[in-house]
Amino acid sequence: MKYAYYPGCSLKGTAIDFHTSALVLAERLGIELKEMEDWVCCGASPIHQRNPILASGVANLLLSLSEGISPQIAVLCAACYHNMKKAEVEMREDGKKRNEVEELSGIRFNPEVRTRHFLEILDQDLGLKALQEKVVKPLSELRVACYYGCLLSRPPEIAFDDPEQPTIMERILEAAGAETVPWSHRMECCGASHAVPVTDAVLRLVNDILASAREAGAEIVACACPLCQANLDMRQDGILAKLGVEHNIPAVYFTQLLGLACGATGKDVMIKKGFVSAVSLLREKNLL
Amino acid sequence: MSKIGVFVCHCGENISRTVDCARVAKASGQIRGVVVAKDYKYMCSDPGQALIKKAIEEHKLDGVVVSACSPHMHEKTFRKAVTEAGLNQFLCEMANIREHCSWVHEKEEVTTRKAIELVRLMVEKVKRNMALEPIRVNVTKRALVIGGGVAGIQAALDIAQGGHEVILVEKDPSVGGHIAQLSETFPTLDCSQCILTPKMVDVGSHPNIKLYTYSEVEKIEGFVGNFKATIRKKARSVDIDKCTGCGECQLKCPSKKIPSEFDRGLKNRTAIYIPFPQAVPARPVIDREHCIYFKKGKCKACQKVCPADAVDFEQTDEYVEEEVGGIVVATGFDLYTADKQGPYPDYAGYGEYGYGEDPDVIDGLQFERLASASGPTGGAILRPSDGKEPQSVVFIKCVGSRHPSKGIEFCSKICCMYTAKHTMLYKHKVHDGTAYVFYMDIRSPGKSYDEFVRRAIEEDGAVYLRGRVSRIYRSGDKLIVKGADTLSGAAVEIEADMVVLATAMMPQPGIEGLFQKLGISYDQYKFANEAHPKLRPVECATAGIFLAGACQGPKDIPEAVAQASGAASKALILFSRDEMLREPVVAKVNENTCIACWYCVEICPFKAISKKEIRDRKGNLIKRVAEVNPSVCTGCGTCAATCFSNSIDLEGFTDEQIYSEINSLMAVGQDLFPEPEPEKGEGESPDEQAA
Amino acid sequence: MQEVKARCGVDLARCYQCGECTAGCPMTPEMDAGPTKTLRLIQLGMEEALFSLNTPWLCASCETCTARCPNDIDIALVMDVVRQMARLKGKKIPIRETRVFQDVFLKSVENNGRLYEPGMIAFYNLKSGNLLHDVILGPKMLVKGKLPLLPHTSKNREKLREIFRKAEEHEKKAGEGETDSGHGESGH
């Protein structure tokens, strides 16, 4: 199983733990992720908010960089996945759009290319059974709230699971022994890139999300998007300061949990990078 | 030599505005075989018709071509006129120079030339027309009504009162349909069982009505006036004649955990059950899928306890055949559900409402059961999850309906009214509760309907919020409803105790199977198609089959009842004569040339062709040929096009006639559109001479 | 409405103002008006009122509206386009911070080929005039090793810039329907 790997800017910066834990996990699972060369930023939200076709043009460039490695592109960042998948689906289904984007970017679109999110790869390509076999330290009854966020399942055209009631993350983490909790804010927006310019809105939204997770009895939140994790993790201090609510619930990446389940160390998955520490909780569960 | 008369109509100025009618008449007069050609302003009027009749008498015409509007409009008129003048009606045809010419072109030279061409074609055809007589078909004066809801009941009663026998077939154990499930009906708030049960009893006891409940139509053969229906009487496992309806069996049955269809899953029933107290017939049925005896071979408690020895586990499905002349389809509706895997797999469920999995998110019919005195809560409004009285209930309209992205575009018509009714039923029982309604529009067009909705808002305090609901999720004891009110521009969040979804009104799931057996058409949602949406709402395009009720489209009770009476009247018209007349333009097989390949038999959409054996006097088989039943044949011509040996032709529409039309067109030099003029003298034709 | 359709193919004639987008939008508490009203102003061509709303600048692009619209209208895309139109028409941007963030982010990407997060945040504070914004967060992130010290660049930087340039030309023409963007589709 070989994939062209597109990390995206965050994964080499603020979300270095996501990137590292994913590579560690992939190695243990026998998934080869070869990083694409000379990749550029996908533009996340600002790019399509500035000019939608610019986003498609850049996405087309990124899709073309998989050439020589594999037509299957593995992506971890939800925003990158969203931008690339959207462009890929649009260009494949709409000939006029494809012509326009090809002209703008000066690059031909290869309709064989497939943008895949890592969750998809684990569920469909590897299979839950194969994953289960690699688990050496089951996440014994760790009560996890799986947080999907927005960009993995909306709009429905790019979703790789039910767009309103997905179960993919739950199934994957349950295969690794975790106990997932049903909770109401699984797919509610965290505020994304408004974290910088409209911080108060993010504090409000994250507060609601974490409150819902705690109400459902979760001990830890598993994220699949670097910006969601950043917001859920790094803003808890701000929520305490501005809204007076202390949540103290760690938010980690699903790849970190799976990495630990497959025998990696806390250092391997960079567990200490979280602002709200998950270390003591995970030690309690004998995972560290 | 033919003696054809051509009559060109101006149609006021509908035709004469773009076509030079006088010239058309003059040119027509030049066609070989035409002995008289006139034009007139309104050919369909009395003087116009008189003109035609006079010409027939004067010139001893043997064919008439009326060059005017579409035959759909006035063919009957002119055929009647020529009959009065003594000419066979099938020797009169119309050349459509209005819809096919004057209405679709500009006032130009070519337009008039085209009109002349169209007349010429028809003249060539009429020269070869045959004098035909309408086909006479016997009519069996009995009706089959499929469906025992209010529409089926009304149609059956009307036809029965009209003096004819009715076979009423209902697939459920009792008649009554959905109205029996309701609590009170709008706009009068009548108790629905009170208004329905008298009709149910009538239908069960009327001497002219033969009631088959727990039965389905297996097969339909035949054609209008002469249908043969095969009905499968499903095995009740109870002998209805012996059973007294005492209900002891229900009390003793140990299999008690089956979700009741009548209560829409809010309550359980037993395996042997009478669906509801007022059932007609009030006799139980055994649900063999859940009966312990049928599953495991043990129990038989009902049989042991039955004082009339009416339980019969050996009973099998019985097939009966009934001959009828007309069929009324009244199969009704069912409700769309928000489920992921609902009864309508073609349409997406509502994941944003949790796929309706929360027990306190219910649909309209379930709310009716809560409010109904015969329901699971005895008429108290209690929520399913914990049986507590909900203090705030949110009603959401347009769930499924008017939702193109989920696949349904139509409006279900009744939800605005029944939601207003629900708020009133709720408030009448929970005085301190609050009812919220999320709506996009309020459609209340009937008599006293708008006043009814205003009453819900003004007198009973229902809070109407104009906006849709984006999401419903549970938080502890409450359901959080995230909606909007566009009138104030606000996003609105309500903590509700219960949510009622007004879901789309759909035809019965899988009903297309029955429609295909009947040979009637249906639309993309599987609603049965009426013959004409405006002018023929109770008939199908298939002769002898009529429609009543929600199977044709969403409608409320007064409309269903009115439509049922309409369908009944159509059936009574059919039965008013011993014989029916049908158009004789039907297919006929030349038995000398037929090679018995049977392609026509296979391809006929109406199953009108059968295999015939020709034997000599000693009974030896000479040959097999195809035979067309003129009573069923609709003259579509598919067989004529298919026949390899060219042995089938349509009477009055023969290959020869069609070729002669085409030839005449070719003879004139093809186009009516600008092309190089032919050499002088080449292909000159009467119309060019006339020009 | 015509210009929006020309730019992105979304036909707002299909919007029957049901309010579902507003109902599901996470940012409505901060917005002047929900997305429903924003679309209404576009339908009616009320430009002044439209561009004075902070709504498109608060849109988080969560696409909840797009996913749930009963008429398959890509509302999030319309928000993007309204932002675009506001800039092109030289309107005063109701929320300065969001525009600054967008500019600073894209500038960093254009310069380096990849986003240089620390640089972007520093520039943002500078340009928004909010020098002390997230001032505690920065050092904490540095300590945790979450901030790269130097920008990462890409050899495809030039190609990326070329795409940016071409897109700029495109958006000038798109408004007049001179491009293929508006092909009457729902613009998913």
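Me: Among contacts in chain B between residues at least 6 apart in sequence, what percentage join residues at least 24 apart?
Reply: 69% of those contacts in chain B join residues at least 24 apart. Keep in mind that this is a predicted model.

Me: How many residues does chain B have, and what share is buried?
Reply: Chain B has 691 residues, and 48% of them are buried.

Me: What does the C-alpha trace of chain B span along its principal axes?
Reply: About 95 × 80 × 40 Å.

Me: Which domains is chain B divided into?
Reply: Domain 1 covers 4-133 + 656-690, and domain 2 covers 142-332 + 507-575. Domain 3 is 357-506 and domain 4 is 587-650.

Me: What separates the centres of domain 3 and domain 4 of chain B?
Reply: Taken over C-alpha atoms, those two centres in chain B are 60 Å apart.

Me: Now secondary structure. How many helices and strands in chain B?
Reply: There are 19 helices and 34 strands in chain B.

Me: What is the strand order in the open sheet of 3 strands in chain B?
Reply: E24-E25-E26, with antiparallel pairing. The edge strands are E24 (469-475) and E26 (490-496) of chain B, and each pairs on one side only. From one strand to the next, the twist averages 20°.

Me: Over how many bridges do E24(B) and E25 of chain B pair?
Reply: They pair over 6 bridges, in the antiparallel sense, and E25 of chain B is residues 478-485.

Me: Which residue in E25(B) stands opposite B:Ile472?
Reply: B:Val481 stands opposite B:Ile472.

Notes: Residues numbered from 1 in each chain as written. Chains lettered and ligands numbered in written order. Predicted model: local features only at pLDDT ≥ 70, side-chain atom pairs only at ≥ 80, totals over all residues. Domains from an automatic or database assignment. Pairing = 2+ DSSP bridges. Helix = DSSP H or I, 4+ residues; strand = E, 2+ residues; numbered from the N terminus. Axes fitted to C-alpha atoms, helices over the stretch in contact; angles between N-to-C directions. Buried ≥ 20, exposed ≤ 12 C-beta atoms within 10 Å, placed from the backbone. Contact = placed C-beta atoms within 7 Å.
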